[in-house]
Amino acid sequence: MSKQNRFSPLWLALSAVVGIFIGTFYANHFGGNRLNIINSGTNKLNNLLHIVDDQYVDTVDVGELVEMAVPTILSELDPHSVYISAKAKQMAEDDLRGSFSGVGIEFTIRKDTLRVQNVIKNGPSERAGLLAGDKIVEVDDSAFVGKTLTNEEAMHRLKGPKDTKVKLGILRRGEKEMRHVTVTRGEIPMHSVNATYMLDDETGYIRLKNFGENTYPELLIALAQLSQYDVRNLVIDLRGNKGGYLGSAVQIANEFLPKNRLIVYTEGRRSQRQEFRSDGRGSYQQIPLVVLIDEESASASEILAGAIQDNDRGTIIGRRSFGKGLVQQPIEFNDGSMMRLTIARYYSPSGRCIQKPYTNGQDKDYEEDLIMRYQHGELFSQDSIKHTGPEYKTLGGRVVYGGGGITPDIFIGEDTTDYTSYYKEATMSGLVLQYAYEYTDDHRTELSKYDDVKSLDQYLRKQNMVERFAAYADRQGLKRRNLMIQRSRRLLEHYLHSRIIYGMLSEQQWIEYLNASDPVIIETLRVFRKGDARPVVTNETD
């Protein structure tokens, strides 16, 4: 055997080792945001998967094992590091994008059937002739009913690329035969600003439901609309706003702050401190400002509220916010799925991290925090708020707390005056929502005669809605409690009317109805009338 042939196996082995080394080096150093499951040293997880795939008694789908393993690994880190499948990723991104492609309806699922609740004006479904109240029972000639029907499956079947067609089989009230309608999918706008109007002659109101790609320009349009009414005070309502893009919150805060004010900063073990400051170009630096928050205001909502509070730029009213102060970086996988990995914490201008305590991603107390707040009475009494972080000082020297959300300057608890166990069961069981939808569907022709909140509410007051509901609920197994029903009559009537108004009128008209008797709004107007909205602190740092 020649020397060349004798050393060939050795050269092949060395070439393979070098190739693996080079491949590993480039994968680790030049992989961008696409994560490769490669470790230097012993890779127990990879070895385990190889052994299972090679030697396990039955055939195993290794890809499926990985899909189950990755969320479990991330869940050991913190509550907000998560894995998102390719299918779920698309849905999550649609919520914050300026638009998505679909058929243009709001729907609800009742009795295993998809029912059209609202048809978006000038959208694809309206052009195709769909009406609120229609039941969609077929999609592309396949049955679309039953216990397997979910919100996720419905959105998956109804969304699709622009200009593609979907054939719907619908049942319409008063018609015995199913009719077929072909809808050409189109762009459906997703708005962050869902209400803009004047609360009184001087006070403008804007409600933001999230912080998406178009939130800032939408806010500027809303402010321009209000300026036509000579607005002198401004309310930004962040209640129920679970957050979104940090950049949108920074842009909005910049509109209200003088030059060079710290808005927020982020910092982590591998992430250097990054500061976001105002540039002084905001057009609304002097207007008296109130920001509304509650226990569901999170993330970007807390960035905006914290920037306003710590700079003493406005007054925060409501209840303590959620307490999410972790920054996630999206990292994509080759199959279209992704993970959001916590890489830093964000801090308000005073230096407080508003992230509430947690042990890991499976912390039961963290998941049930809002329930615990309710049980401890925090939603009803300011004295029940428990701060876990140290004291900090605002620009003007006021004391604020970290370690668990933004505590408002003025606390407004939930009104429990007429609250009873009957009302609790009626609302939490979903019976109120169910009855309101069925009543709306059964009386849609009559209700459609009223196109404003006042006239529709007046009509409903004559229909004795509470008695109708009590009889319906009794048939569904919620036993009548006449004394409790009488005590909670105001709450029940307001809830029933609000859901019917939501089903028949616009989202803004629904919000206007809720705000008309809202204690938080009433207190906000009182604050403006008394001139108690926090003044601008004028000293600047350059």
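User: Why does Ile 73 count as partly exposed?

Analyst: Ile 73 has a relative accessibility of 45%. Buried means under 20% relative accessible area, exposed means over 50%, and partly exposed is in between (1.4 Å probe, protein chains only). So Ile 73 counts as partly exposed at 45%. Two notes before we go on: this is a predicted model, in which local features need pLDDT of at least 70 and side-chain atom pairs count only at pLDDT 80 or more, while totals for chains, interfaces and linings use all residues. Residues are numbered from 1 along each chain as its sequence is written, and side-chain values use heavy atoms, with hydrogens and water left out.

User: What makes Leu 45, Leu 48 and Ile 73 a nonpolar patch?

Analyst: Patches are made of residues with over 30% relative accessible area and no salt bridge; nonpolar side chains (Val, Leu, Ile, Met, Phe, Trp, Tyr) are joined within 5 Å, like charges within 9 Å. Leu 45, Leu 48 and Ile 73 form such a patch on the surface, with about 250 Å² of accessible area together. Accessible areas come from the Shrake-Rupley method with a 1.4 Å probe, and for residues only the protein chains shown count as cover.

User: Which residues form the negative surface patch?

Analyst: Asp 61, Glu 64, Glu 67 and Asp 335 form it. Asp and Glu count as negative, Lys and Arg as positive, and His and the chain ends are not counted. The place of a charge is taken as NZ of Lys, CZ of Arg, CG of Asp or CD of Glu. Glu 64 is partly exposed, with a relative accessible area of 46%. Glu 64 lies in helix α3 (residues 62–75), and the place of Ile 73 is in helix α3 too. Helices (H or I, at least four residues) and strands (E, at least two) are DSSP runs, numbered from the N terminus.

User: Why is strand β4 described as largely enclosed?

Analyst: In β4 (residues 113–119), 6 of the 7 residues are buried, so the rest of the structure largely encloses this strand.

User: What joins strand β3 to β4?

Analyst: Two strands pair if DSSP finds at least two bridges between them. Strand β3 (residues 105–110) and β4 are joined by 6 bridges and run antiparallel; in β4, Arg 115 is the bridge partner of Thr 108. They form a hairpin with 2 residues between them, and Lys 111 in the turn has a positive phi of about 50°. On to β5 (residues 135–139): β4 pairs with it in the antiparallel sense over 2 bridges, with Leu 114 opposite Ile 136.

User: What makes Asp 134 and Arg 172 a salt bridge?

Analyst: A salt bridge is a side-chain nitrogen of Lys or Arg within 4 Å of a carboxyl oxygen of Asp or Glu. Here the closest N and O atoms are 2.8 Å apart, and Asp 134 forms a salt bridge with Arg 172. Asp 134 lies in the loop between α5 (124–128) and β5, and Arg 172 in the loop between β7 (165–171) and β8 (179–184), so the pair ties together parts that are 38 residues apart in sequence.

User: Are these two residues buried or exposed?

Analyst: Asp 134 is buried, with a relative accessible area of 2%, and Arg 172 is buried at 14%.

User: How many salt bridges does a search of the whole structure find?

Analyst: The search finds 35 salt bridges. Among them, Arg 207 and Asp 237 meet at 3.7 Å, N to O.
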